[in-house]
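User: Hi! Could you walk me through this structure, one topic at a time?
Analyst: Happy to, let's open it up.

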Amino acid sequence: MLKRIMKELGVMAICVIVCLFFPKIVKAGETVTGGERWSLAVDVELEKEYTTTTAEGWVKLHVPANTVCIGAGFDKYTQIEGYYEINGSIKVLDKELQGHGYGSNENQVKLGQQTFFWDFHIGGNNDYYFFINSEKTDVCTFRFICETKDVSGNKRMIELNKYYTDSYYIYNGSANKFVAPNTGKYRIITDCINGTAKYRLTYKDGTDVQELFDDNNLNSNLYYLEQGMTYHLYVSANPEYGSTSKVIASFLVSNTRVSSITLNENNLTLNKGGQVLLTASVSPDLAVDKTVTYTSSNPSVAIVSEEGLVTALMGGTAMISATANDGSGIQAFCQVSVLPAYVTRLELDKQSKTWDIAELEENSWDDEYDGCKITATVFPKDADNCSVTFTSSNPAVISVEPATCKLTPYKAGTAIITCRTNDGSNLTQSCTVILTESHFAGEKKTINKLKYKVTSDSYGGGTVAVYGVSNKNQSVYKVPNTVKIDGYSYKVTEIGKRTFANLKKMNKITVGTNVKTIGNEAFYNSKKLKTITIQTKKLNKVGKNALKNIHAKAVIKVPSSKLSKYKKLFRNKGQKSTVKIKKG
């Protein structure tokens, strides 16, 4: 009897010893009665939720090789302290735990049912001990979170243009690799449920691959990758605030090219100046580069901006193309027809004109002299083609240059000069020209290097005007009182327009006693002209800018009896204020 009692007592002792030194392994969803000390800690597993039944106790967590535990979630009234074993004793998880990192309750963050999260980083095929203490209740919940990526460095080989989906709790991710089959642009697209996904693309050495640009889509960016090169893609996700649900992250590496482009307009008819914005719809949605470049086949008719804004410039047709920028060669087209802008009104500045042949010969070459021109004006001024053509009904009397309307007289008579539009509107206007020829008036002569034109003729004489010089290299000129023409004396009464203009060497000139008129710009831009001697007392007109751009220190000598009058006569004729007028 005694023997059996001792035997039973021995079995009980063994059971006590086993219970003391071989802790219970708790299954997921079961309650935990923590051990009284670390050596009696109850075993728990990663990624499982536990509920304690005591105010405090010890649990033991084994982290396998190639796995990382990144933290613990627990409820509002629970505190967790972490330790690890060295040589039969335990030490607090802190900075000195090399290769594992550290955490503290100061780093707690809200985490749904497990209200707080203690962020640490432990692994390496080790055991860790945690003391769990509930301050205000005998029941608390906790869970240790595992990072799913393979910390050994092994990475999943993924295929292009294929979606991958991974599930995490928090701060987890996947490590992947792929080989670029071609050199060119690639797009990485991510999506996430119950959180926010992010990714990092690197070369094999860990250096980040530079993004080409940010297309304002946080979950999609472009990269330029080289054929045959291996790239590493790390995808991770952060949970939504307060969520304990699994985070489901999806990602795709795409090198899909554009397969089609559709424009919102295929044919446009516009008036000049009209505008329309083209928009391109690009397929498929997963195409790597969905941007397009717009071009016009006929920029003189219609132009298009980078954004697709078409502007009509003139009548005609142009083809606007939208070309994919990914090198696929895919295009879409819109034909633009611009309606012509015709001339609607044509006007001539003269409807009839009588000219002396001599006058026309002298002045028709001068673009600044409107008296011997016929000028056409078209409306509207921005018509597509504003050009006109001139013709003469009687070229034997007067001919006309078609484009410029330069007139060339031949003999007295009448001709009709007709102007016609060239844009197809076929508008016309006409001017009747009558040419007369004086017996002697208008005849030109060159005498002593000055050019004269007869202004009036009478038996035995008349008057002439100086209108030019035959030698522009003289320094001194003199306008005589009279000249002889065919043995008759003609008074020199006028210095014509620009007669002595632009004479670079002239520094002195004398004006004879019979001159009554000095024309516009008579001495214009003769910059060395310093002395002008006025001998005439008959001067009653000095034209506009007659003295413009002569020497700044020029002196104009006039008859003493005319000083006051001539000062007024020469006032504001273009000369500098330093030019003096004094008695001669």
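Analyst: Strand β4 (residues 56-63) pairs in the antiparallel sense with strand β10 (residues 126-134), over eight bridges. Strands here are DSSP runs (E, at least two residues), numbered from the N terminus, and two strands pair if DSSP finds at least two bridges between them. This is a predicted model, where local features need pLDDT of at least 70 and side-chain atom pairs count only at pLDDT 80 or more, while totals for chains, interfaces and linings use all residues. Residues are numbered from 1 along each chain as its sequence is written, and side-chain values use heavy atoms, with hydrogens and water left out.

User: Which residue of β10 does V59 stand opposite?
Analyst: V59 stands opposite F130 in β10.

User: And what is the strand order in the open sheet of five strands?
Analyst: The order is β2-β4-β10-β6-β7, and the pairing is mixed. β2 (42-44) and β7 (89-92) stand at the edges with a single partner strand each, so one side of each has no neighbour in the sheet. From one strand to the next, the twist averages 40 degrees; the axes behind this are lines fitted to C-alpha atoms, and angles run from 0 to 180 degrees between N-to-C directions.

User: New topic: how many disulfides are there?
Analyst: The count comes to zero, where a disulfide is a pair of cysteine sulfur atoms within 2.5 Å.

User: Is C431 buried or exposed?
Analyst: C431 is buried, with a relative accessible area of 0%. Buried means under 20% relative accessible area, exposed over 50%, and partly exposed in between (1.4 Å probe, protein chains only). C334 is also buried, at 0%.

User: What about phi of E521?
Analyst: Phi of E521 is near 55 degrees, a positive value in a residue other than glycine. E521 is in the loop between β44 (517-518) and β45 (531-534), and at 16% relative accessibility it counts as buried. N525 is in the loop between β44 and β45 too, and has a positive phi of about 65 degrees although N525 is not a glycine.

Conventions
Helix = DSSP H or I, 4+ residues; strand = E, 2+ residues; numbered from the N terminus.
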